[in-house]
Amino acid sequence: MITVQASDFIRILPQEILSAFAILVMVFEPFLPSSRKVVLGWFSLLGVVAAGAAAVRTSYSLGPAFNASIAADPFSIYFIALFLLVAALCLLGSFNYLQRDNINHGEFYALILMGTVGMCFMAASTELIMIFLGLEISSLSTYVLAGFKRHDGLSNEASLKYFLLGSFATAFFLYGIAFVYGLTGTTNLMTLSERLSRTGTGGTPLLWVAIVLMFIGLGFKVSTAPFHVWTPDVYQGAPAPVTAFLSVGPKAAAFAVILRIFLGAFHAVGSVSFQMLWLSAILTMVVGNLAALWQSNVKRLLAYSAIAHAGYVLVGIAAGSAEGVSAVLFYLTVYALMNVGAFILIAPIAGTGERALRVEDYTGLGYTRPGVAACLTVFMLSLGGIPTTAGFLGKFYLFRAAIHAHLIGLVIVAVLTSVVSVYYYLRLVVVMYMREGQPQATSEPLPLALRVALATSVIGIFVLGLFPLLLKKKGEAEASPRHTKLAQVR
Amino acid sequence: MIAPLFYIFAGLAIVAALSVVLQRTPVYSALSLILVLCSLAVIYLLLGAQFLAVIQVIVYAGAIMVLFVFVIMLLNARQESPTDHSLFARRLGLPLLAVFLAEVIFVVVGHFSGTVFAAGATFDGGPGAVGGLLFRNYVLPFEVTSILILVAVMGAVVLAKKQL
Amino acid sequence: MLEAYLPVLVHFLVVLALGLIILGLSAWVGVKRPSPEKLAPYECGMPPVGDARERFSISFYLVGMLFILFDVEVAFLFPWAVVYKSLKWPGFLEMFLYIAILLAGYLYIWKKGALDWSR
């Protein structure tokens with residue numbers, strides 16, 4: 001019997017609203033002349049805001065929906081809010097970029113919205129089939145977005161590489177799902193967790209294979225080593241606002257899924273997940289931070305930094321405690337603010353066609369464009385984890401959770417690699433302020449929309465850096481109901 | 001009756017899959033792939049998943065293969081010239097592949113040895129059963145599929161249309 | 001259940017055998033007197049122009065891709081049609097919503113001119 005009720009629709013209200021706006025943007029796209037396409041952008045922004053309001057409404061009627069395939073819980077609301085924030089910032093950062101680089105097509109906005117829908121479903125689903133669909137939606141839209149500069153070779157290459165490797169990784173994920181279904185006869189995470197802990201199938205090697213396969217699929221999305229090789233090429237080739245989107249959105253969504261699957265459903269087989277996470281965290285931090293040292297292209301540098309940050313987040317996940325989960329949630333928001341901010345700021349500095357992307361191109365930027373340089377400095381300091389910025393506290397919470405979980409070795413590696421990372425973040429700052437010279441970077445004033453996005457990020461970084469409890473309290477509340485039993489995972 | 005048929009078509013699928021990889025001419029690979037997909041359809045049928053078997057033939061062996069052939073013709077791909085095999089692939093890739101294969105075989109055989117596989121007669125995978133599940137228990141995934149298709153429509157237009 | 005598919009198997013075997021027999025017989029019995037005219041690829045009676053293996057227009061790909069997407073959509077209609085009666089109104093609404101969403105996609109490609117060969 002059909003068990004759909006009205007409350008089910010309220011529990012996925014943000015996704016519904018986003019989808020509706022995305023469809024409207026898509027349908028109106030062919031009717032608008034090229035000069036008016038930015039209207040669609042503002043309309044999409046309206047959609048994101050409306051979805052935000054819907055998320056607030058949803059938070060008043062929490063619970064499972066659609067045969068327990070959706071869980072509207074604080075955890076999913078938190079992630080949905082995060083994705084909406086990221087989408088809004090990227091939209092604000094893209095209006096001018098699209099016009100300037102002559103790729104002003106409404107599909108861009110529709111794809112951003114649909115990608116966000118997919119990510120929201122990933123975070124909110126407790127059903128592997130839904131998670132897979134969400135993953136596919138968000139992946140497909142980001143594959144296309146990465147190649148949105150249709151006449152640019154690098155962008156095409158980015159799209160192709162991302163697509164080929166991405167679909168390969170999704171296949172791994174699907175393979176894992178198939179094994180899990182074969183073993184337990186269910187794809188629902190709740191039932192799965194129940195059956196695993198009851199039957200004690202925690203020990204079957206086949207389940208380990210399934211877990212590893214699923215982790216490969218998700219590890220690709222969050223770009224953990226050794227599944228990170230696509231990251232620099234894709235981040236470099238994709239249009240900068242798209243890079244901002246895909247360096248945060250799909251990553252955070254995949255982390256949400258990792259938390260739900262590996263700490264939630266598979267907690268009965270914690271030891272395998274733990275060893276895998278531990279190894280991957282170390283590899284990711286070392287590879288990301290060391291490779292970033294040699295980069296001369298700012299986008300590639302930030303790409304390796306994004307890899308390294310995935311490693312820090314894995315440290316928090318490996319801790320496996322409620323404290324770790326809460327630290328991960330906090331860190332993902334902080335990471336979103338600083339990474340999106342940095343990437344959308346790179347776009348206007350690089351100029352039309354993103355030409356000025358080398359580190360040397362930033363020479364003297366601190367004198368010719370003090371505001372821009374100041375913003376970029378804030379992002380770099382926060383990414384490097386300098387105190388008073390949110391980046392510092394984010395790392396602090398992650399590492400503290402790991403210490404409480406007695407992962408001393410992991411924390412030592414994390415701290416050492418963070419210290420290394422300060423070198424390459426500061427290199428950019430040094431080039432901007434300490435070196436004389438005429439910057440290659442363009443000098444057109446920043447458009448208003450971009451200023452709003454940057455201001456949000458910078459203010460967010462300082463507010464979270466100084467008053468973390470505003471969000472941290474929330475993060476703890478979010479982490480507690482579902483993941484308290486994770487404390488005794490190992 | 002089922003077991004010998006299963007082994008015949010599973011073997012056919014493996015041989016055809018190897019042929020996909022080993023053929024030098026892309027069109028031959030594509031044709032071999034059709035054989036793989038059809039053999040899989042038969043295996044679905046043997047498992048009782050009748051609807052899936054038919055869809056496999058219509059969508060995969062029919063529609064998706066058309067696209068494969070289009071792409072081959074679009075790229076104007078002729079016979080591949082043999083590359084000097086990359087050292088990386090040979091020294092690292094092949095051994096890793098062998099280890100992975102051995103692992104999976106070991107685990108799967110170890111896990112399922114002595115288990116009787118699902119026989120076709122016990123399981124109804126006809127369109128009615130699929131429809132019942134799809135439109136009752138899995139309504140949401142079904143509806144969300146439409147969004148996925150929309151993304152793909154836009155993706156195809158954005159990436160492949162001559163003028164946007 | 002599986003017995004129901006026996007005629008299909010027999011059909012396939014007959015088709016396979018027939019194909020092999022026809023090819024085998026013509027190869028065995030047939031007379032071969034090749035000439036350049038006979039060996040030329042048959043092109044509707046026209047003299048062949050150029051090589052058959054030339055690059056195809058990307059428009060083929062676009063049409064093929066759109067075909068697949070709507071093919072997948074139609075594939076969902078089969079199981080729906082079978083259980084339609086027992087689903088009653090909710091089932092109708094489910095499929096209505098699904099088709100409506102994809103209709104928006106159709107409208108998009110139509111207005112976009114993706115079905116227009118020359119654009």
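This is a predicted model: local features need pLDDT of at least 70, side-chain atom pairs count only at pLDDT 80 or more; totals for chains, interfaces and linings use all residues.
Chain B contains six helices and zero strands. Read from the N terminus, its elements follow the order α-α-α-α-α-α. The overall dimensions were taken from the C-alpha atoms, which occupy a box of roughly 50 × 45 × 25 Å along the principal axes. The radius of gyration of chain B is 20 Å, whereas a compact globule of 164 residues would have a value near 15 Å. By the burial criterion, 27% of the 164 residues of chain B are buried. Among the contacts in chain B with a separation of 6 or more, 60% are between residues 24 or more positions apart.

The interface between chains B and C was examined next. On the chain B side, 40 residues are in contact with 40 residues of chain C. Three elements of chain B, namely α3 (50-75), α5 (127-137) and α6 (139-160), each give two or more residues to the side that touches chain C. Of these, α3(B) provides the largest share of that side, with twelve residues. In composition, the side of chain B that touches chain C consists of 28 nonpolar, eight polar and four charged residues.

Definitions and conventions. Residues are numbered from 1 along each chain as its sequence is written. Chains are lettered from A and ligands numbered from 1 in the order in which they are written. Two residues are in contact if their C-beta atoms, placed from the backbone, lie within 7 Å. Helices (H or I, at least four residues) and strands (E, at least two) are DSSP runs, numbered from the N terminus. Ala, Val, Leu, Ile, Met, Phe, Trp, Tyr, Cys and Pro count as nonpolar, Asp, Glu, Lys and Arg as charged, and the others, Gly among them, as polar. The radius of gyration is taken over C-alpha atoms; the globule rule is 2.2 Å times the number of residues to the power 0.38. A residue is buried if 20 or more other C-beta atoms lie within 10 Å of its own, exposed if 12 or fewer, and partly exposed in between; C-beta atoms are placed from the backbone.
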